[in-house]
Amino acid sequence: MSAPLIELKSIEKHFGPVIALSGVTFDVKAGECHCLLGDNGAGKSTFIKTMSGVHKPSSGEILVDGKKIAFESPRDAMAAGIATVYQDLAMIPLMSVTRNFWMGREPEKRFGPFKFIDFDKANKVTLEEMASMGIHLRGAEQAVGTLSGGERQTVAIARAVYFGAKVLILDEPTSALGVRQTSNVLATIDKVRKRGIGVVFITHNVRHAMAVGDRFTVLNRGKTLGTAKRGEVKPEELQDLMAGGKELAELEGSLGGTI
Amino acid sequence: MRKTLTAIAAAVFAVAGFAAPASAEGEKFVLISHAPDSDSWWNTIKNAIAVAGDQMKVSVEYRNPPTGDLADMARIVEQAAASKPDGIIVTIADYDVLSGPITEAVARGIPVITINSGTVEQSKKLGALTHVGQPEYDAGFGAGERLGAAGAKKFLCVNHYITNPASVERCQGFAAALGVELGNQMIDAGQDPAEIQNKVSAFLQSNPDTNAILALGPTSAHPTLAALEQSGKAGNMLFGTFDLSGEIAAGIKAGKIDFAIDQQPYLQGYLPVVFLTNLARYGVMPSNPVNSGPGFVTKDNIELVEKLAGQYR
Amino acid sequence: MTDERIKQVSALRRAMIRPELGATAGTLLVFLFFLLIAGDSGMFAPAGIQNWTVVSAQFAIIAVGACLLMIAGEFDISVGSMIGFAGIVIAILSVQWGLPVWVSILAAFVICVALGWVNGMLVIKTGLPSFIVTLAFLYILRGLTIWLSILTTRQTIIGGVKDLVQNDWLAFLFGGVVLKDLFAWFADIGLIEKFVAGTRAGQPVVEGLPMLVVWAVVLVIFGHVLLTRTKFGNWIFASGGDAQAARYVGVPVARVKILMFMFSAFCACVFATCQVIEFGSAAADRGFMKEFEAIICVVIGGTLLTGGYGSVIGAALGAIIFGVVQQGLFFTGGESSLFRVFLGTILLGAVLFNTYIRRMITGER
């Protein structure tokens with residue numbers, strides 16, 4: 001595999017006396033799905049926000065394409081090709097799929113002195129992008145509220161991909177979904193990965209992670225406990241790591257001495 | 001969907017039930033006032049047009065802008081003209097606002113009689129047949145003369161309808177009769193009784209040398225009386241008010257109110273209906289305007305008035 | 001990988017999921033009702049049509065501003081006070097200070113739009129609900145209006161504007177009448193009655209199309225196109241639908257909302273200017289309760305009180321329903337106090353219907 005698209009080294013983040021992250025090392029390469037596993041309160045949210053430019057790390061460094069970088073705002077991260085799909089999706093249910101898809105970046109066409117949204121183009125692209133993710137919509141004008149949870153997730157992913165994401169951070173995309181919806185989303189992740197985008201898949205569900213992940217990193221109490229490749233680790237082990245109940249010695253072997 | 005339909009249907013029945021005019025026989029007239037729904041003084045005029053309607057066998061509709069907004073009133077006049085009644089009775093609450101709609105009604109050949117607010121000159125300019133009312137400035141002046149003779153020096157004018165120019169004229173006439181500037185002696189009392197009472201109390205506390213009060217109608221007179229009673233000044237304060245009500249009549253009897261200026265609103269409702277009916281049927285109309293007031297109701301003539309106060313007086 | 005369980009949506013259901021639907025049905029019903037009950041009362045004669053058209057147009061002007069602002073997720077209940085304030089400003093500047101009317105009108109617009117900006121800034125910067133901020137301005141502006149007019153004229157009504165507006169180019173844009181020749185021709189062929197007495201004998205009872213109506217139509221079209229066809233319109237929906245989600249994708253939510261407050265103030269000023277020019281006077285109580293009437297029009301028109309969904313066309317239909325019912329009750333000779341009963345009922349019906357529509361859209365049960 002090639003060099004990492006983004007690399008985070010020994011990231012620490014303190015909020016006053018509270019230590020939210022105490023040494024996180026993580027990277028993602030083009031065309032892979034790197035799963036970040038952790039129980040609630042393990043520091044997943046803080047870590048996502050650090051990677052997407054919402055928080056600045058207290059110490060440690062972030063490298064994009066091998067170069068050290070400091071994100072001042074989410075906008076900087078977006079400009080660097082790092083897109084985040086949050087759990088609440090940032091979708092507006094009452095607005096149409098097209099309007100949501102293009103929100104903030106509407107395509108325009110000129111009509112005399114006025115500029116209007118180019119709905120022909122917008123609808124066409126929306127339908128195409130959704131179709132390429134495996135979702136065939138009845139019409140791009142239907143409200144996002146009529147879509148299922150998995151479809152909404154796909155709109156958000158398709159949107160990020162269309163607008164040039166190199167790294168896609170997915171925050172618990174499957175946590176609120178049923179079995180079938182989940183498999184749709186996992187299939188979408190696979191499609192995105194195959195386009196050469198690096199996917200960061202955050203979840204606390206080991207089975208979902210195992211289904212699609214290339215590498216697995218476990219986060220516990222603000223620390224990464226190590227990274228394992230696909231096939232090097234069993235689901236039960238990941239589960240135990242998340243819970244933090246196993247002896248370190250026991251883990252060392254299975255994780256290849258990366259602790 | 002069904003809910004909207006149900007709502008509309010309900011309203012349809014409600015309206016249909018009330019749509020029948022009071023008297024189906026004879027001519028149709030419309031009386032348009034400037035008073036908001038909350039103004040109880042106009043009940044006398046509503047009663048008067050009901051009596052006149054029964055006697056003359058005509059139907060008279062009463063209309064008013066619900067919030068007292070004169071621009072809305074202008075629309076009502078336009079609407080009345082468009083419905084082609086046999087006559088329109090209207091107050092000249094503001095000449096500028098109403099001159100357009102009223103002259104248009106006249107130009108459409110609808111007989112118009114003006115009542116209550118406004119002057120005889122304005123009425124003539126609008127092309128109205130006659131005016132039945134009380135000259136406001138003169139009425140205020142007359143009140144000022146009476147209280148001035150009784151020793152009024154510094155006064156308070158309680159104005160509950162400050163947005164009507166006629167109301168301000170009353171206070172100005174009163175001040176002129178006392179030979180003083182109106183200045184800040186007029187307060188914007190608002191329509192809420194508790195507010196009016198508190199504003200009057202506050203004014204009297206901060207201006208203890210005030211020895212006379214003019215209230216512009218029952219809306220301001222009742223709370224003012226309450227304020228005076230609360231501070232123990234009732235009876236010791238020169239107190240005149242416009243218009244009558246049951247409470248004002250009682251106040252006059254008890255010596256707490258010196259007089260009420262009676263513009264005899266009954267006549268303002270009754271006479272125009274009679275005039276318009278006779279004009280429609282026999283082509284006759286008095287040639288002079290009618291001054292329905294001011295008449296002063298004092299302790300001496302209160303007995304007569306009291307029985308009918310609030311209904312026909 | 002289509003989810004085959006998604007039902008095919010019928011044409012009827014698709015037609016239902018439009019914000020204007022309730023208002024369209026309501027408008028038809030209202031017209032049907034009054035045609036049946038008041039068809040011969042002059043309500044649908046030219047002068048009658050002008051009467052309710054003008055009233056509806058007035059409502060529409062302030063409803064457009066309220067509609068866009070509500071879709072952007074905010075309220076402005078200082079609109080009514082703003083109308084009174086703008087009128088008094090025009091009257092004081094032109095009658096008392098002797099400035100040309102067009103200067104006075106422009107000054108009023110500048111002041112009102114600036115006040116709209118203040119409203120918006122306060123809402124954005126303090127994070128307080130706009131209901132509270134504009135409620136404060138409802139009182140502040142009404143008080144200032146009465147104080148200013150008493151201060152300058154010792155009256156709460158300032159007349160004399162009518163004499164000044166003759167030949168004023170800007171005043172014509174607000175108080176003038178267009179298409180006079182067309183209406184004169186209508187009168188000649190007997191479509192419109194003529195005055196029979198007075199100085200205007202022989203002229204048609206409806207002189208032409210009042211500029212007030214032109215303003216209403218222009219503002220409705222502008223608002224509709226802005227909302228549904230432009231990038232900025234998409235931002236209005238987004239700001240009201242979910243401000244946080246809109247910010248995530250780079251929509252300048254604060255700017256959108258502040259601009260909408262300014263537009264709402266602009267509409268109030270249009271209303272006030274038309275009124276002052278037409279009636280030749282300004283009064284401190286003008287515009288009383290108009291803020292609620294505007295909001296009622298908007299809600300009847302299918303816009304959600306919570307923002308993010310609605311239609312300017314719907315608001316315009318709401319204004320027509322409002323105007324036709326208000327004036328129509330007079331034509332039927334109905335008890336006018338029942339108008340409020342009707343209004344409350346239709347408002348409740350509209351809100352229930354809108355809630356139902358939203359459930360259909362979002363798929364909630």
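Reply:

**Chain contacts and the sheet of chain A**

23 residues of chain A are in contact with 23 residues of chain C (contact: C-beta atoms, placed from the backbone, within 7 Å). Strand 8 (residues 114–117) of chain A supplies the largest share of the side of chain A that touches chain C, three residues. By class, that side has eleven nonpolar, seven polar and five charged residues (nonpolar: Ala, Val, Leu, Ile, Met, Phe, Trp, Tyr, Cys and Pro; charged: Asp, Glu, Lys and Arg; polar: the others, Gly among them).

This is a predicted model, where local features need pLDDT of at least 70 and side-chain atom pairs count only at pLDDT 80 or more, while totals for chains, interfaces and linings use all residues. Residues are numbered from 1 along each chain as its sequence is written, with chains lettered from A and ligands numbered from 1 in the order in which they are written.

Helices (H or I, at least four residues) and strands (E, at least two) are DSSP runs, numbered from the N terminus. In chain A, six strands form an open sheet in the order 6-9-10-3-11-12, with mixed pairing (pairing: at least two DSSP bridges between two strands). Strand 6 (82–85) and strand 12 (223–229) of chain A are the edge strands, each pairing on one side only. From one strand to the next, the twist averages 20° (axes are lines fitted to C-alpha atoms, for helices over the stretch in contact; angles run from 0 to 180 degrees between N-to-C directions).

Within this sheet, strand 9 (residues 167–171) and strand 10 (residues 198–203) of chain A run parallel and are joined by five bridges. A:L168 has A:V199 in strand 10 of chain A as its bridge partner.

Helix 1 (residues 44–51) of chain A lies across strands 3, 6, 9, 10 and 11 of chain A, at about 155° to strand 9 of chain A. Helix 8 (residues 235–243) of chain A lies across strands 3, 11 and 12 of chain A, at about 25° to strand 11 of chain A.

Technical notes: Two residues are in contact if their C-beta atoms, placed from the backbone, lie within 7 Å.
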